[in-house]
Amino acid sequence: CSRSSWITHSRSCLGPPQVWEARPSPGKGIGVYASRAIEPGDIILSEPAMIQLTPPEIRDGVAYPLSDIHTLLRSSFDGLSPEDKGAVMSLHAHMTSVDNANDTLMAIIRSNAYITGNSLGLFPKGARINHSCRPNTSQYWDSQLGRRVVYANRRIEEGEEIFATYIPLLHSHEARQRRLDQYGFKCTCDACALERDARHASDQRRQDLQKAFAAFESQLTLSVPKSAIGKRKALKNAKASAQLVEQLEEEGLADYYVKAYHVAAIAHARIEDWKPATLWANKGFETSLLADPKARSTGARELQALTNHLIIKWNDQLWEEANRKG
Ligand SMILES: C[S@@+](CC[C@H](N)C(=O)[O-])C[C@H]1O[C@@H](n2cnc3c(N)ncnc32)[C@H](O)[C@@H]1O
């Protein structure tokens, strides 16, 4: 399954050729690299969890006891084949002060597991992907297939390292580094390695984006303001929403694009500027399909319905304009 072209691929092989290889990444242990150019939206890895821990929901604010998580983890590990046990134990373990020196398994989970829905999953292949604060992949949990899917969120060149993010990204370099300390490394990704002024600008943009999303949260309604003040505010918001998209794209934070396109669509609908509103909604819908190709999620369906609604509004506007011109 290692041929680079699907056309020249063996007929007996059931899957597409593997587009990545794991090998040493200077200063980062093992990393995952593109073994050929990968286009935006292409799936890089689709993997079931080798270990999946689903603690019962937290009730009355009382957290699930850590000792019970250890028991769950131990019994899940004990049920694996010797080969799978070897794959788990070969993963990177960053021991922190809270880890029991004898409990490498817990440190492996802490260093490698991803949240999938309401569980914590260990995916040995994807676990080799290193972190970047400007990652070139995004991921989603396909609950129907029971697989975590990693896909390219931009074009990745052959030989380029593949990166994911381990943390939320709309924070300053310092705040991100504090979160990454639990993994035991100092981040030197593109965003963190910028020289002082550029890094300061990037930090500012990320913090502004965080604030802008929070401010827009209460404005995600299609109702058109009636008062002059309301209209002025809506116009200001529409301009701010276009800026929000621009800043996100400049920062290269693909995980937040759908949310930003949604905000821009609503903000333009509130000033009855139907053409950009429709185009933003459609862009949001198309981008959401990368993580949800069958539009099964509520978010994707909402964006599809919003696009349809806005197309009608835009069409009505075009008719009215044509009628007025006679
Ligand atoms: C999920 S593992 C990633 C695969 C790991 N490099 C390996 O060798 O198996 C997480 C660990 O990789 C290393 N790592 C990940 N991203 C890194 C980065 N950007 N810079 C340095 N080390 C990194 C850290 O040791 C971290 O605890």
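A residue is called buried here if 20 or more other C-beta atoms lie within 10 Å of its own C-beta atom. By that cut-off, buried residues account for 30% of the 326 residues in the protein. The model is predicted. Its secondary structure consists of 9 helices and 10 strands. Along the principal axes, the C-alpha atoms occupy a box of roughly 80 × 55 × 45 Å. Of the contacts between residues at least 6 apart in sequence, 60% join residues at least 24 apart.

In soluble globular proteins, nonpolar side chains tend to be buried together. In this model, the largest nonpolar core has 34 residues, and A264, A265 and A281 touch the most other members.

| Element | Residue range |
|---|---|
| α5 | 196-216 |
| α6 | 228-251 |
| α7 | 257-269 |
| α8 | 274-291 |
| α9 | 298-325 |

The greatest contribution to this core comes from α7, with 9 residues. Because domain 1 (20-183) and domain 2 (196-325) both give residues to the core, it lies between them.

Which residues does A281 touch, not counting those up to four places away in sequence? They are A265, L303, L306, T307 and L310. One of these, A265, is, like A281 itself, among the residues that touch the most other members of the core.

Technical notes:
Residues numbered from 1 in each chain as written. Predicted model: local features only at pLDDT ≥ 70, side-chain atom pairs only at ≥ 80, totals over all residues. Core = buried A, V, L, I, M, F, W, Y, C linked by C-beta atoms within 7 Å. Buried ≥ 20, exposed ≤ 12 C-beta atoms within 10 Å, placed from the backbone. Helix = DSSP H or I, 4+ residues; strand = E, 2+ residues; numbered from the N terminus. Domains from an automatic or database assignment. Contact = placed C-beta atoms within 7 Å.
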